[in-house]
Amino acid sequence: MSDESVENREFRSGFVTLAGRPNAGKSTLLNAVMGEKLAITSNVAQTTRHRIRAIYDTDDMQMVLVDTPGIHKPHDPLGEELNYSAMQGLQDVDVVAFVLDASEPLGKGDIYVLRELAKLDSKKILVVNKLDLVNQEKAAKQIEKAQAYLDFDDIVACSALRGFNVDGFIEAVRRLLPEGPRWFPEGMDTDQPTEVVVAEFIREKILHMTHDEVPHSIGVKVDHLDYDEDKDMYFVEASIYVDRESQKGIVIGKGGEGIKKIGTAARKDIETFLGAHCNLDLIVKVKHNWRQDATQIRKFGYGEGL
Ligand SMILES: Nc1nc2c(ncn2[C@@H]2O[C@H](COP(=O)(O)OP(=O)(O)OP(=O)(O)O)[C@@H](O)[C@H]2O)c(=O)[nH]1
Ligand SMILES: [Mg+2]
């Protein structure tokens with residue numbers, strides 16, 4: 001496309017929510033669009049606990065991309081809070097992108113989400129993700145099945161993880177966004193407080209390094225985050241909360257090996273995000289049954305939170 005035609009393109013802007021079942025790849029897609037890691041990802045269902053807003057800004061568009069927790073059948077108050085947050089994220093947005101895992105059969109959970117989306121006035125895009133895992137034929141079948149439940153305004157097949165056709169998704173969104181101004185200042189990539197992004201990076205490492213019940217039992221809170229100008233360095237203190245005493249030992253690991261690994265891996269992400277070295281202090285605490293308690297859930301900022 002020539003420079004001239006780009007200049008002639010009217011400026012478009014609006015809110016775009018990523019919706020879908022846990023694990024479909026919503027947060028991976030958000031990071032791929034942004035070209036940086038803002039949302040954490042893992043193969044543990046219900047990884048996302050915040051409604052994250054990322055701002056994708058170019059010469060001719062500003063898309064406010066809203067990542068939501070995966071919509072699922074809740075088993076506890078935390079799950080209910082996450083579902084509520086995801087459903088709220090669908091209200092009053094310009095475009096909803098329904099992210100569907102091409103490699104998994106279209107199940108009850110997807111159909112539930114599709115039916116909810118059908119009630120909305122917003123434009124809808126079907127994003128068939130994980131194209132790297134299936135052949136064309138399977139992807140086409142998946143599209144056909146989803147279309148039976150919802151009349152989409154556009155369809156994109158991509159691999160968020162491999163970065164394949166992420167541009168196609170951005171262009172599809174642009175076509176559906178209304179003309180409008182920048183809603184957020186240029187250069188702002190997220191409206192999430194730094195403390196929340198940092199806490200999430202830490203939580204991600206725990207999701208990657210533990211299994212069974214532990215990932216769901218973890219809550220992370222940054223207690224202090226200070227920047228030392230002379231040293232050009234950040235000092236972060238964060239608490240990792242677990243449900244039960246036994247989980248504390250799992251996170252800390254033998255001779256502190258576990259917590260050390262978590263700290264080293266999280267520090268790398270934090271340093272990339274903040275653009276400076278970081279000293280990270282982690283402490284593991286027990287908060288019995290915090291997931292059952294709405295007040296505690298909100299204190300972490302999960303679900304509705306911010
Ligand atoms: N092979 C493959 N894996 C992918 C792709 N996109 C995401 N994944 C993987 O799928 C898993 C889930 O990705 P997430 O982005 O965390 O999924 P999500 O939809 O945000 O999940 P929740 O936050 O739990 O709702 C991770 O292990 C990703 O690496 C893709 O295009 N191809
Ligand atoms: Mg997610």
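Reply: E8 and strand E9 (residues 277-286) run parallel, joined by ten bridges. Within that pairing, Ala238 has Leu282 of E9 as its bridge partner. This is a predicted model.

E8 also pairs with strand E7. Here the strands, E7 (residues 219-228) and E8 (residues 233-242), run antiparallel, and nine bridges join them. Asp226 stands opposite Phe235 in E8. The hairpin of E7 and E8 has four residues between the strands. In that hairpin, Asp232 takes a positive phi near 45°. As a rule, strands of a sheet pair through backbone hydrogen bonds, in either the parallel or the antiparallel sense.

Next, the helices. Helix H7 (residues 194-209) packs with helix H10 (residues 257-274) at an angle of about 140°, and their axes are 9 Å apart. The two are therefore oblique to each other. The crossing of H7 past H10 is right-handed. On the H7 side, the contact is made by Val197, Val198, Phe201, Ile202, Lys205, Ile206 and Met209. H10 brings Gly258, Lys261, Ile262, Ala265, Ala266, Asp269, Ile270 and Phe273. By class, this contact of H7 with H10 has eleven nonpolar residues, one polar and three charged.

Now the six-stranded sheet. Its order is E2-E3-E1-E4-E5-E6, it is open, and the pairing is mixed. Strand E2 (52-57) and strand E6 (154-157) are the edge strands, each pairing on one side only. Neighbouring strands are turned by 25° against each other on average, direction ignored. Inside the sheet, strand E1 (residues 12-19) pairs with strand E3 (residues 61-67) in the parallel sense, over seven bridges. Phe15 stands opposite Val64 in E3.

Helix H4 (residues 108-118) lies across E1, strand E4 (95-101) and strand E5 (123-129), and runs at about 170° to E4. Helix H5 (residues 136-147) lies across E4, E5 and E6, running at about 150° to E5.

Last, the ligand. Ligand 1 is surrounded by 24 residues. Gly25, Thr41, Thr48, Gly70 and Leu161 are the closest. Helix H2 (residues 26-34) gives the most to this shell, with three residues. By class, the shell around ligand 1 has 14 polar residues, seven nonpolar and three charged.

Methods. Residues numbered from 1 in each chain as written. Chains lettered and ligands numbered in written order. Predicted model: local features only at pLDDT ≥ 70, side-chain atom pairs only at ≥ 80, totals over all residues. Axes fitted to C-alpha atoms, helices over the stretch in contact; angles between N-to-C directions. Parallel < 35°, antiparallel > 145°, perpendicular 65-115°, else oblique. Left-handed = near helix turned anticlockwise from the far one by under 90°. Contact = placed C-beta atoms within 7 Å. Nonpolar A, V, L, I, M, F, W, Y, C, P; charged D, E, K, R; others polar. Near = placed C-beta within 6 Å. Pairing = 2+ DSSP bridges.
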